[in-house]
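Colleague: I am new to this structure. Can we go through the terms and what backs them?

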Amino acid sequence: MCQLLGMNCNTPTDITFSFSGFVQRGGRTDRHADGWGIAFFEGRGVRLFIDSGAACKSPVAELIRHYPIKSRNVISHIRKATVGEVSLENNHPFVRELWGRYWVFAHNGDLKHYAPPLRGRFCPVGGTDSERAFCWLMQELAEAYADMPSMEELTRTLTELTPQAARFGTFNFLLSNGQALWAHASTSLCYIVRQHPFTRARLVDEDLSVNFAEHTTPADRVAVVATTPLTSDEHWTPFQPGELKMFQDGAPFVAKTPQKEI
């Protein structure tokens with residue numbers, strides 16, 4: 001299985017600390033050595049870096065570790081190939097345009113015998129089940145709405161669509177359009193929200209720690225989503241199987257309960 005890392009913040013933030021530990025899982029502390037990628041949203045634009053080599057040995061990954069790109073939404077992926085050969089076009093994250101915005105997607109898992117009908121607007125370039133699932137999600141959203149709906153409405157629709165792909169196997173994924181981050185767990189996914197008062201944290205995969213209080217303001221809030229916890233001294237909240245969460249401004253979205261009329 002692959003590894004996922006996502007970040008959603010209320011102010012542009014760099015992901016260098018989390019990424020430093022995460023990248024070690026690409027061939028050093030774990031055997032996910034079949035490529036990797038990371039995407040940063042900057043306004044409507046996206047910086048995308050992908051490589052078909054092992055993340056722990058990649059010069060591009062080393063650049064990212066020491067290049068503090070600030071973003072409000074980030075998605076990263078480390079690949080263990082199951083469907084599709086080891087090649088650049090099969091590396092996540094994948095990017096498509098919808099409603100005048102870039103959408104970024106990364107998937108962990110296997111979808112067995114998965115061949116959804118694709119009607120031409122969104123077509124896979126590589127040979128992975130992951131990219132097919134992404135194209136299908138984009139197609140269904142495009143056909144459901146003529147223009148961008150609210151993030152809450154998108155969340156409801158994704159909650160309806162996701163089980164249709166998940167019934168074919170394991171469908172852990174991260175999805176973002178730069179306004180929010182959606183995360184779905186079939187099996188393993190967890191998250192943490194870092195906010196004031198900030199504390200110190202130590203990575204699981206590398207001998208590195210940081211005191212977030214020295215690098216933040218009291219108003220900052222950051223949500224980090226990962227396949228398994230990245231730090232050893234923080235409380236990470238596991239997703240329930242089949243759960244989809246939307247993160248905005250560094251926190252999980254909680255739908256408002258309609259008020260009853262009296």
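Colleague: What makes helix H3 mostly covered?

Modeller: Buried means under 20% relative accessible area, with exposed over 50% and partly exposed in between (1.4 Å probe, protein chains only). In H3, 13 of the 16 residues are buried. So H3 counts as mostly covered.

Colleague: How do you know how far to trust the model?

Modeller: This is a predicted model: local features need pLDDT of at least 70, side-chain atom pairs count only at pLDDT 80 or more, and totals for chains, interfaces and linings use all residues. Residues are numbered from 1 along each chain as its sequence is written, and side-chain values use heavy atoms, without hydrogens and water. pLDDT is the predictor's confidence in each residue, from 0 to 100. The chain's mean is 91, and 92% of its residues reach 70 or more. Over residues 257-262, pLDDT stays under 50.

Colleague: What is the expected span of H3, residues 129-144?

Modeller: The rule is 1.5 Å times one less than the number of residues. For the 16 residues of H3, 22 Å is expected. From first C-alpha to last, H3 reaches 23 Å, close to that value.

Colleague: Why are strands S9 and S12 called a pair?

Modeller: Two strands pair if DSSP finds at least two bridges between them. S9 (residues 190-195) and S12 (residues 221-226) have six, so they pair, in the antiparallel sense. Gln195 stands opposite Arg221 in S12.

Colleague: Which strands are the edges of the open sheet of seven strands?

Modeller: The order is S3-S2-S4-S1-S12-S9-S13. Strands S3 (45-51) and S13 (237-238) are the edges, as each pairs on one side only.

Definitions and conventions: Contact = heavy atoms within 4.5 Å. Helix = DSSP H or I, 4+ residues; strand = E, 2+ residues; numbered from the N terminus.
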